[in-house]
Amino acid sequence: MFNATLEKTGDTGKIWQEFWKLGEARTNAPGIRARVMLMKPEAPNSRQFLVETGSGHNFVADDTAGGTGPKPIELVAAALAGCTAFDVITILRSKKRQLVTGYEVQVEAEQAERPPQVFVAIRIHHIVRGYDIDAAAISEAIRISEEKYCSVEAMIKHSAVVRTTFEVINEANA
């Protein structure tokens, strides 16, 4: 039924056929999966969802009215912060040999006024604490994350201008 419906739409069916061919070519690729389930389907005004990730983690997502979990768009901002944070800390510690004792990434995003209200401007601020931290090493680690590794930023920067800043808090040697 699904394929028959697509074939009737002409070009759309061809696009989907090509899409599925691409998927068939990568049958060994694990992919990213998630599942979202309405938590209280019997409650007519319920919009609270249980999110289950492909790696088996669970959390609640909600909207502003419910307030029992993050909004989905907040999860995108958190994903961006987490994605670049993993890249940068790995580069700083393993390749740049920096003695990092604390690290934080803050993301602020501005959304378009009209739906779908994509991010249009994003500020990413890295705060690195440690001993004799080299600002050039941080700058390079951030650049590598932005240009090569952070898949979340790679997707977001199609709709948003991304500005990155950082600060270093050097601790005195004891």
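I number residues from 1 along each chain as its sequence is written, and side-chain values use heavy atoms, with hydrogens and water left out. As the model is predicted, local features need pLDDT of at least 70 and side-chain atom pairs count only at pLDDT 80 or more, while totals for chains, interfaces and linings use all residues.

I looked up the largest pocket and noted a volume of about 280 Å³. A pocket here is an open set of points on a 1 Å grid over the protein atoms alone, where a 1.4 Å probe fits, with protein on both sides within 12 Å along at least five of seven lines; lining residues have an atom within 4 Å of a point. The volume is the space filled by probe spheres set on the points. Two or more lining residues each come from β2 (49-53), β3 (58-61) and α3 (72-95); helices (H or I, at least four residues) and strands (E, at least two) are DSSP runs. I noted that α3 gives the largest share, four residues. The lining includes Arg 47, Asp 62 and Asp 63, and by class it has nine nonpolar, no polar and three charged residues.

**Helix pair.** I then checked α3 against α4 (residues 135-149): their axes, lines fitted to C-alpha atoms over the stretch in contact, come within 9 Å and cross at roughly 135 degrees. That makes α3 oblique to α4, oblique being what is left after under 35 degrees (roughly parallel), over 145 (roughly antiparallel) and 65 to 115 (roughly perpendicular). Contact (heavy atoms within 4.5 Å) involves, among others, Val 88 and Ile 91 of α3 and Ile 138 and Tyr 149 of α4.

**Loop.** I found a cis peptide bond joining Pro 115 and Pro 116, with omega about 15 degrees. Pro 116 lies in the loop between β4 (99-111) and β5 (119-131). Gln 117 is in the loop between β4 and β5 and has a positive phi of about 50 degrees, although it is not a glycine.

Notes
Ala, Val, Leu, Ile, Met, Phe, Trp, Tyr, Cys and Pro count as nonpolar, Asp, Glu, Lys and Arg as charged, and the others, Gly among them, as polar. Axes are lines fitted to C-alpha atoms, for helices over the stretch in contact, and angles run from 0 to 180 degrees between N-to-C directions.
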